[in-house]
Amino acid sequence: MKTIGILGGMSAASTQTYYRELCSRTRERLGGLHSPELLIRSLDFARIEELQMKGDWASAGDILNREARALERGGADFLLLATNTMHKLAEEMMRGVTIPLLHIADATAASIVSKGLQSPGLMATAFTMEQTFYTDRLIAAGLAPIIPKEADRAETHRIIYEELCRGVVTAQSETACAAIAERLVQRGADCLILGCTEVGMLLNQGNVSVPVFDTTLLHCDAALTFALA
């Protein structure tokens, strides 16, 4: 089994999900007392969020690069970045790093394509929805992503940063997010990408009318397949 290096803490809530799911999915695949071989560098998200808000992506990229190098030195065979938004800095993160990065958007796109779907709605942070670093990879895979209208993007972003990243889950926000998802379906989405690693705290196949693709779970499955190859 290859050693998985996880760069997380952005937020801690999503990294907890990665750890839990990687452990449970390893047991499902291998049985017995098996668990994954992991290295985790968990960052202080307050520092990263401050750089995001300032637009100082260069400094954030330097931090990710430093941590990726540390994971490589520690013995990781490949890397996971346990956040969708910070894949904006995937190239900067991997400067001088020789082990591979499993990109979360690629794992997600591959799963959608395999199901014969084409027009995913995307719910994520404003950075992921409004910039092209993520949607470009979906388009390159032959998909036609649909993002929420401006007001729905703002509300999704607010819920992520003010609630989910703090571990807060409310019925009101679940209802709001489910309504945003349904508006994407009405505009032609044939599936839904939970494009922030925390959105799965609110949305799932039980409250969305089209197939749901949880990027965290897909990323974990891709990582285990790679680790066990």
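A residue counts as buried here when its relative accessible area is under 20%. Keep that cut-off in mind while looking at this predicted model.

**Helix H1 and what packs on it**

Let's start with helix H1, which runs over residues 12-30. Its 19 residues reach 27 Å from the first C-alpha to the last, close to the 27 Å expected at 1.5 Å a residue. Which residues of H1 are buried? They are Ala13, Ser14, Thr15, Thr17, Tyr18, Glu21, Leu22, Cys23, Ser24, Arg25 and Thr26.

Just past the end of H1 sits Gly31, with a positive phi of about 75 degrees.

Where they meet, 21 residues of domain 1 are in contact with 25 residues of domain 2.

The size of an interface is often given as the accessible area lost when the parts come together. For this pair of domains, the buried area is about 1800 Å², and carbon and sulfur atoms give 59% of that. On the domain 1 side, Asn84, His103 and Leu218 supply 41% of the area buried against domain 2, more than any other three residues.

How many salt bridges are there between domain 1 and domain 2? The count is zero. Polar contacts are another matter: 17 residue pairs make them across the two domains. As for which helices take part, H1, helix H2 (45-54) and H10 each supply at least two residues of the side of domain 1 that touches domain 2.

**Two residues worth a look**

Leu101 is in the loop between helix H4 (90-93) and H5. Leaving out residues up to four places away in sequence, Leu101 touches Leu79, Leu80, Leu81, Ala90, Met93 and Met94. Leu101 and Ile6 are 95 residues apart in sequence, yet their C-alpha atoms are 10.0 Å apart in space.

Over in helix H8 (residues 150-162) you'll find Arg153. Is Arg153 buried or exposed? Its relative accessibility is 17%, so Arg153 counts as buried. Setting aside neighbours within four places in sequence, Arg153 is in contact with Met129, Glu130, Ile147 and Pro148.

Terms used. Residues are numbered from 1 along each chain as its sequence is written. This is a predicted model: local features need pLDDT of at least 70, side-chain atom pairs count only at pLDDT 80 or more; totals for chains, interfaces and linings use all residues. Side-chain values use heavy atoms; hydrogens and water are left out. Helices (H or I, at least four residues) and strands (E, at least two) are DSSP runs, numbered from the N terminus. Buried means under 20% relative accessible area, exposed over 50%, partly exposed in between (1.4 Å probe, protein chains only). Contact means heavy atoms within 4.5 Å. The expected span of a helix is 1.5 Å times one less than its number of residues. Buried area is the accessible area (1.4 Å probe) that two parts lose on being put together, summed over both. A salt bridge is a side-chain nitrogen of Lys or Arg within 4 Å of a carboxyl oxygen of Asp or Glu. A polar contact is a pair of N or O atoms within 3.5 Å; within protein, one must be able to donate a hydrogen and the other to accept it, and residues adjacent in sequence count only if both atoms are side-chain atoms.
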